[in-house]
Amino acid sequence: MKFRTCVSTLALTAGLTLGAAQASEWTLEKAAAPYAGTTVDVVFLLRPGYEAAEAMLPEFEAQTGIKVNIVKHPYENALGQQVRDFVANGDFDIALIDLVWIGNFAENDWIVPVSKFTSNPDLADPELDMDDFFPLVLNAFGGWNGEIYGLPFDNYSGLLFYNSCMLEEAGFDGPPETWAELKDVYGPALTKDGKYAFALQSKRNETQSADSFARMLWPFGGSFLDENFRSNLLSEESQAGLKFRQDLMQYMPEGIVSYDHAEAVNAFAQGDVAMITEWSAFYSSLKNPETSKVVDCMKIAPEPKGPAGRKPALGGFSLAVASQADENEQAAAWLFIQWVTSKANAREYLERGGVPARQSVYEMDGVAEAYDFVPALVESWQDGVPEFRPRFAEWPEITEIVQEWGTKMMLGEVTTEEGAKILGERMEAVLEEAGYYSGDKPLAQ
Amino acid sequence: MAVKTPRGTIFGFLAPAVITLAVVGIVPLLYAFYTSLHFFNLTKLKNVRFIWFENYASVLTDPVFWEAMGRTFAMLLIALPLQIAIGLGIALILHAPGLGFLRLLTRLSLVLPMATTYAVVGLLGQVMFNLKFGVVNQLIGFLGIAPVNWIGDPFNAFAMIIFWDVWQWTPFVALVLLAGLTTVPSEVEEAAHLETKSWWTVLRHVQLPFLMPGLVAVLILRTADTLKLFDMVFTLTRGGPGSSTELISLMIQRVGFRAFDQGVASAQAIILLIITIILAQFYIKAFYKEV
């Protein structure tokens, strides 16, 4: 017995020592040595977080000899470009995945679970520390069906950006706490002389679904689907949210249905709109005096609460290794993903305009003071709803329906009830065809 | 006695054109037809299956498809007559004697809109008609008119795409009709002018018969172009606000490349092709006569 205990202790000690030795020995240069000269192809968006990563890239390439070939696309083209590439067994070695694409990519086996690499000591950085990612963000952006595929890269939470100068001038010493307050108190006081209290970007694309429609469902207790995957849009709570949006439009600029992120951010940056609810990713452009006139007046708060709580918009992207890449490319791709999302690089990424999903970086000295969006962001990532938009493979079809009928509601072409009824029927038809009601597919979103 | 050309020579000369046409035009068309008979979603390739004409049935019973089709024909019925009327006016002015250098300059400048890429026209529209920063609102502001929401209002947005289509393609109509006017024998035209002072009579009975071949070409080309109009509208309004500028080609693109339903999108495209062919046949039968 004594002997067995002794052997076990020795084995454990040896294992820990070996592990520690391996950990201390692991370097990016060594890990990448077999893959020097490999090129990996990835889609990047035309957004600040990607510019930040691109600026950091020379360091990675110098250390590893791996070339990262960036193909830039606007958001609207990114999904189509990647789907066509994966269907045709094309060139992309890394998938850039919006959280609502993850089910689609995973179910089509276009991406590889991270466990393939984290279980390989030659490739897994001992400092990877998956627990350091905000759990909500890691699971929502990179996880599907209990498996992690991607690491959070370009991370957003909806925040309330407000012009404190305009608010003070109107007699407010802080931002609204609730959506009702925003509409009933701040709305009338701030909408005058060609200026507007609020702008809710609602263009008919993913912006309509994510930034406008879903944003008004959740805080009011609504949702797209009930627990049986039937439409929940005619529920009292969903209708309350959608009607609220209609009422709120009187305090928004004319033609808000043609506002995308650029227009909403620009209206705020020019001082024409007092408040916007936008992704954290736009912080750097609004803080830049070259693109914003309101740098000194801009302040940030979490999104207002509704009757059901805060439930802020959740969005963002993960990077995952593409299964179509060969083994060398997969390894090189993983090393890049691991590096760009690492704890060690999180601060630099943040300083260059990105928004990392590492908890540790927001605890570092000076970060919360230097980046005033941090407290609101961290709070939002505690309250977020992973299924803010369903993440299943059918979302690309459903979002088109939401975009169409959500816009018709806003334009007053249909009532919220009429729109929700048709939208619900069409949404259920897509889900029926997919096999959710026959039990062919699990009710996962 | 005529020498008979060997069959091989005939085929040799014809083959490159026929093969090119087949590869570029017919093979994709056949593939689209094949796709239209399948459940074929790019994100669900594991479920591809033959479903006969189900896609056609769903397209033909889809009110959204017919709304988009209605919008496309509304655009055609408004834009095409405007283009023909303004184009004919320009052609008649340029055909009048004594314009000299001005005529040359006008002819050259007429080419510019046509030479502008569709997508650039759309981007121009976005910049010029921007509610806040657009030059158009600034200009009407000088006249004391309040800024107009061109892009964000459904009616205005539709009017705007018609405006840009007329701006871009009226010169084409003008140049085709001007070419037609130059085919009128000068002695016939002079004699007609001696007979009557009415320009309408001359136009109706002397010039119009010579314009008909060009006019039929314009009708066919502009109809086909309008039915497949995509780039300008996509860059300008992306089909919005709402569905107000979602023409049939934008809808097909949306279904095929944003919802990835290639089967339904192919069925829509085939139906559009059939409608275009029927219209072209109608134009030829109704209007075309040899002079």
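Good morning. The domain assignment of chain A gives domain 1 (17-156 + 315-383) and domain 2 (157-314 + 388-434), with bounds that come from an automatic or database domain assignment. This is a predicted model, in which local features need pLDDT of at least 70 and side-chain atom pairs count only at pLDDT 80 or more, while totals for chains, interfaces and linings use all residues. Residues are numbered from 1 along each chain as its sequence is written, and side-chain values use heavy atoms, without hydrogens and water.

I begin with the domains. The centres of domain 1 and domain 2 of chain A, taken over C-alpha atoms, lie 29 Å apart. In domain 1, 33 residues are in contact with 29 residues of domain 2, contact meaning heavy atoms within 4.5 Å. The area buried between them is about 2,500 Å², and carbon and sulfur atoms give 63% of that area; buried area is the accessible area (1.4 Å probe) that two parts lose on being put together, summed over both. Val100(A), Tyr156(A) and Asp372(A) supply 23% of what domain 1 buries against domain 2, more than any other three residues.

I turn now to a helix pair. Helix α10 (residues 206-217) and helix α19 (residues 395-410) of chain A pack at about 70°, with their axes 7 Å apart; helices here are DSSP runs (H or I, at least four residues), numbered from the N terminus. Axes are lines fitted to C-alpha atoms over the stretch in contact, and angles run from 0 to 180 degrees between N-to-C directions.

Terms used. Chains are lettered from A and ligands numbered from 1 in the order in which they are written. Helices (H or I, at least four residues) and strands (E, at least two) are DSSP runs, numbered from the N terminus.
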